[in-house]
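Welcome, and please load the model in your viewer.

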Amino acid sequence: MQELSITSLFLISLCISLLILGGFILRFKLLNLRRIIAKKYLSKLQKQDLPYTYFSSAVIAESSRKFWHLPPKKITVLMRAAMKSVDLSAPLIRKAIKKAPHNTELLLLDAEISLLTNRRQDFLHLIEQIRLPYFCPRYLKARYKLLTAKSNLYQTDMLSASENASRALKIYQRLGYTYEEAECYATLAQIYRISGVFDVAFTMLRDAQKIYKKLKLFAKAAEAEAYFGLIEIGRENYSAAAEYLKSAKIICQKHGLIKTDADICNWQGLTALLAGDLTAARQEFTAALNNTQALSTASFALEMLARLYLKKKEYAKALNKADDALKLYQENHHKAGIFETLYLKAEIFYIKQDYDESRHILTALIKEKTPPSAIYYPANAYTLLGAIELKENNFDKARTLFKQAADLEHAINRLKGAAIDYNNLAELERLNGDNNTAQTYLKQAIRYAEETGDNELKSYLKTKLK
């Protein structure tokens, strides 16, 4: 009886050991299968120029279904289609949504594809409509948080953008979704760069770049290197910016990344333009135009050439390049670019003292429903309209317009813009003979300049105080 008991225990322990060993072998095989699939998809991206197509680690995680000879889920089939071709998968995704209009995974996939294909308005609308179920897979929650962060970013809600991107990052780290982790870091870098928190932006971007290099995603690594240059531009360290952009260009040339190389030419041109080297700037923008067929790259180069010619006071050339840029932005349905270029044209006409033409453009801009990513243009339009009315001694109209501009700037926490508007109000009251009110407005402008940390603007405003 005792022997039987010992034998039984031995057999039970042997079975448990075999099950554990079998579990380890199965896990190893599944992980190996995931690595093979990941390598297959990543090998395509490693050779690809920007902009990148859709990529999802969730598709690779679904490899276990293949191991068990189970048919893939319908959403996985669509995600795989998107990873092969974003453009060809888009109509398939929309067709599937018609049959299942409340399917969260489908809606998130459509939102992501909309973002990749520059349908920003569709993207923002989709994100507003999506409501995650209380119990949902972690990877789905992470995707929703990251896409929401990008939506917040376009609507200049930087605090919410940072919170959502950080939450997505934590989930992706736990899941081991390395590519998406890098995308979270890159999004956080953009948020902090735009917010002027350059040190944190630098750290986030460095973490993203480490992952891109590890995955051998050379276009992404080059883009990250170039973004270090953009951070330095924000700090007005133009020589440091030029070095980072030069380094990014070397990566592009080594791996034949023509589109990314042309984009970096644009950023090199911007650096030279801001540093005052107009000859070098024109050469870089021209190189960008000559080296790519991409509408986004060419339109930016033309817009920058328009700004360059405006700086040189060559107004006919500036308007010509602005019109060329506008056509490409319209062709690409790039609303933010359209607004920027129209506002630029209004500025050129204002400087030429063609106030009627400038007023016509600005009025149309205010009436048009603006994209969230260009929310400050109505404020700028009100400011410039106010300046036109001030030039024509229409003080009441100018005062109303400057106040509307200041209210808009303050509403989105753009205090530097508000400081400029209060300075304009001070100038208006000074010309109107009301020096007391002028000084009150000027003090408010100085307070806003102090809050933004713009010492140069603050010093200039203080020279006007009596």
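Helices are DSSP runs of H or I with at least four residues, strands are runs of E with at least two, and both are numbered from the N terminus.

Before moving on, note that this is a predicted model, in which local features need pLDDT of at least 70 and side-chain atom pairs count only at pLDDT 80 or more, while totals for chains, interfaces and linings use all residues. Residues are numbered from 1 along each chain as its sequence is written, and side-chain values use heavy atoms, leaving out hydrogens and water.

Now show the surface around H14: 15 of its 18 residues are buried (under 20% relative accessible area; exposed is over 50%, partly exposed in between, with a 1.4 Å probe and protein chains only). Step past the end of H14 to Gly276, where phi is positive, near 90°.

Next, select Asn423, which sits in helix H22, residues 415-431. Is Asn423 buried or exposed? Asn423 is buried, at a relative accessible area of 11%. Display its partners too: leaving aside residues up to four places away in sequence, Asn423 touches Leu442, Ala445, Tyr460, Leu461 and Lys464 (contact means heavy atoms within 4.5 Å).

Finally, zoom out to the whole chain.
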